[in-house]
Amino acid sequence: MARIVKVRLEVNGREYIVDVPPHERLIDTLRYRLGYTSVKEGCGRGECGTCIVLVNGLPRHSCLTLTSTLDGAKITTVEGLAPEGKLHAIQVAFIETRGMQCGFCTPGFIMMTKALLDHNPNPSYDEIKEWLSSTLCRCGSYHYYFAAAKLAAKYINEGKIYFDEKQVREKYHLKVV
């Protein structure tokens, strides 16, 4: 019988105690045990960045991270960026700059942008390129993502951190899917 490990995690401010096999990846725990579907798996090898989440404030590839090694960790996914009914400035900036094509890689870019802006609230274009280079976009929308990071920094520096989700959806004719 396989050994099971009890792990305490705080995900998006909510505490969980999960029983996982020692080899279970964080991406699987987040998506399939806890229902955080913004975390996507692209390559499964830590090369594409689609699965990036913040662990104790730092970006991590959840496809390469074993849940069993994270007892007591604080994890943030896209779902945890803003209170219910709100969107984070980063999310709004991505919408406003048309920073999404198919959207598959978008959560990874959003989480890397969050890590960057937490590290440096006013990054240069070169810093943005460097930080976001760890995530791959199959649609080639990089210039949109770089513009989104710069716009998000502007909003945050102006104190505009959260936006009303309903107003943003109405303004840009976005549907809930």
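**His-173.** I started with His-173, which is exposed at a relative accessible area of 70% (exposed is over 50%, buried under 20%, partly exposed in between, with a 1.4 Å probe and protein chains only). His-173 sits in the segment after α6 (helices are DSSP runs of H or I of at least four residues, strands are E runs of at least two, both numbered from the N terminus). Its phi is positive, about 55 degrees, although His-173 is not a glycine.

**Ground rules.** This is a predicted model, where local features need pLDDT of at least 70 and side-chain atom pairs count only at pLDDT 80 or more, while totals for chains, interfaces and linings use all residues. Residues are numbered from 1 along each chain as its sequence is written, and side-chain values use heavy atoms, with hydrogens and water left out.

**Asn-56.** I also looked up Asn-56, in the loop between β3 and β4 (58-61). Phi is near 50 degrees here, a positive value in a non-glycine residue. Asn-56 counts as exposed because its relative accessible area is 52%.

**Cores.** Next I went through the nonpolar cores (buried Ala, Val, Leu, Ile, Met, Phe, Trp, Tyr and Cys joined through side-chain atoms within 4.5 Å). The largest has 32 residues, and Phe-94, Phe-109, Ile-110, Met-111, Leu-132 and Tyr-145 have the most contacts inside it. Two or more residues each come from β3 (52-55), α2 (89-96), α3 (106-119), α4 (125-132) and α5 (142-157). The top contributor is α5, with eight residues. A second, separate core has 20 residues, including Leu-9, Tyr-36, Val-53 and Ile-75. I note the general background: nonpolar side chains tend to be buried together in soluble globular proteins.

**Helix α3.** I checked the span of α3: its 14 residues reach 20 Å from first C-alpha to last, close to the 20 Å expected at 1.5 Å a residue (1.5 Å times one less than the number of residues). Twelve of the 14 are buried, so I call the helix mostly covered, going by the under-20% cut-off. Among the buried ones are Thr-106, Gly-108, Thr-113 and Lys-114.

Why does Lys-114 count as buried? Its relative accessibility is 18%. Leaving aside neighbours within four places in sequence, Lys-114 is in contact (heavy atoms within 4.5 Å) with Leu-54, Leu-81, His-88 and Ile-90. For Ile-110, not counting residues up to four places away, I get Val-78, Leu-81, Ile-90, Gln-91 and Phe-94.

**Pocket.** The largest pocket holds about 860 Å³ (the space filled by probe spheres set on grid points, joined across faces, edges and corners). Of its 26 lining residues, Val-78, Leu-87, Gln-91, Glu-165 and Arg-169 lie nearest the centre. β6 (86-88), α2, α3 and α6 (165-171) each give two or more residues to the lining.

**Cavity.** I find one cavity of 30 Å³ or more. The largest cavity has a volume of about 30 Å³. Its lining includes Ser-38, Thr-50, Val-78, Pro-107 and Met-111, and β3 and α3 are the elements giving two or more residues.

Definitions and conventions. 1 Å grid on protein atoms, 1.4 Å probe; cavity = no way out; pocket = protein on both sides within 12 Å on 5 of 7 lines; lining within 4 Å.
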